[in-house]
Amino acid sequence: QLSLFRLTMKRLFSTSHSSVDSKEMKKFQLLAHKWWDEEGEYSALHSMNDIRVPFIRDTLLNMSSNYHLGNPLSGLKILDVGCGGGLLSEPLGRLGASVTGIDPLEDNIRTADQHKSFDPVLAKRIQYKSSSLEEIVEECMETFDVIVASEVVEHVADLEMFIKCCSQVLKPEGSLFITTINKTQLSYVLGIVVAEKIIGIVPEGTHEWEKFVPPEQLEHLLESNGFSVKTVNGMLYNPLWGSWSWMESTSINYAMHAVKSGAREQSSPTDALSELESEQHPATAGTAT
């Protein structure tokens, strides 16, 4: 009876401590087959590639001395969290990266797998897995150079756990790219009322304003979990042209780039102890023995 109780408690704990929101899953389940319709429900995500892909590519190139002509992201291992049908995984793969796309919805992964199979180059560079972020943490500790979470954090159940998991699977000094929606009156009017109810460029019920994340809150969460935020850029969608552009204001959509602190910067208990000793014995600190 005790072991049964433990098993039950373990199941309860594991399901309640997940960043995956079951209500969100049901919403996207109905649209899983529509990912690659450029005129359909995901048209705004297709056109977002015009600015989010160069943002990721150029940021990473500016951080690196290695440049591979034609394959600028060659040698980088990228994790695309909440990859959906692979709309962002594919262009990153075309730039030479080795991409792992994860999504908790099996139907999304099926769509993504089928689409990449038409391109033999992408078939080798991209692998998809039906999984939540927490489920791959143990097997992927400090595995990835880059994590991309585009239009994902406004759908997760536990944002802090999500950020912690990102940190765990990212290598020291690895990059995290996030795009999401700010929590403002303007984002409610444009992101929900106009986009979902009036123009219909996003399926109704896709977003809940309560789950939108202000950049200040996201920055604080990242900084308190070992990240250094490098860039925050405002994004604007023009529904008339179906195009995205950068802007100064982050009052609606925004993109963020953060870097996980390096191994040296993450102070260990022994570092703290040696610092304490050098404070207590300033005369002998640093002298050869």
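Tyr237 and Trp244 are both buried, meaning under 20% relative accessible area, where exposed is over 50% and partly exposed lies in between, with a 1.4 Å probe and protein chains only. This is a predicted model, where local features need pLDDT of at least 70, side-chain atom pairs count only at pLDDT 80 or more, and totals for chains, interfaces and linings use all residues. Residues are numbered from 1 along each chain as its sequence is written, and side-chain values use heavy atoms, with hydrogens and water left out.

Now the rings. The structure holds 4 aromatic pairs. Rings of Phe, Tyr and Trp (its six-membered ring) pair if their centres lie within 6.5 Å; planes under 30 degrees apart are stacked, over 60 edge-to-face, and the rest tilted. Take Trp35 and Tyr42. Their ring centres are 3.8 Å apart and their planes at 0°, so this pair is stacked. Trp35 is buried at 8% relative accessible area. Tyr42 is buried too, at 5%. Back to Tyr237 and Trp244: centres 5.0 Å apart, planes at 45°, so that pair is tilted.

Next, a cluster. Phe55, Phe177 and Trp246 form one aromatic cluster.

The charged end of Lys77 sits over the ring of Phe144, 6.0 Å from its centre. The criterion is NZ of Lys or CZ of Arg within 6 Å of the ring centre and within 35 degrees of the ring normal.

Last, helix H5, residues 106–116. Helices (H or I, at least four residues) are DSSP runs, numbered from the N terminus. Which residues of H5 are buried? Asn108, Ile109, Thr111, Ala112 and Lys116.

How values were computed:
Helices (H or I, at least four residues) and strands (E, at least two) are DSSP runs, numbered from the N terminus.
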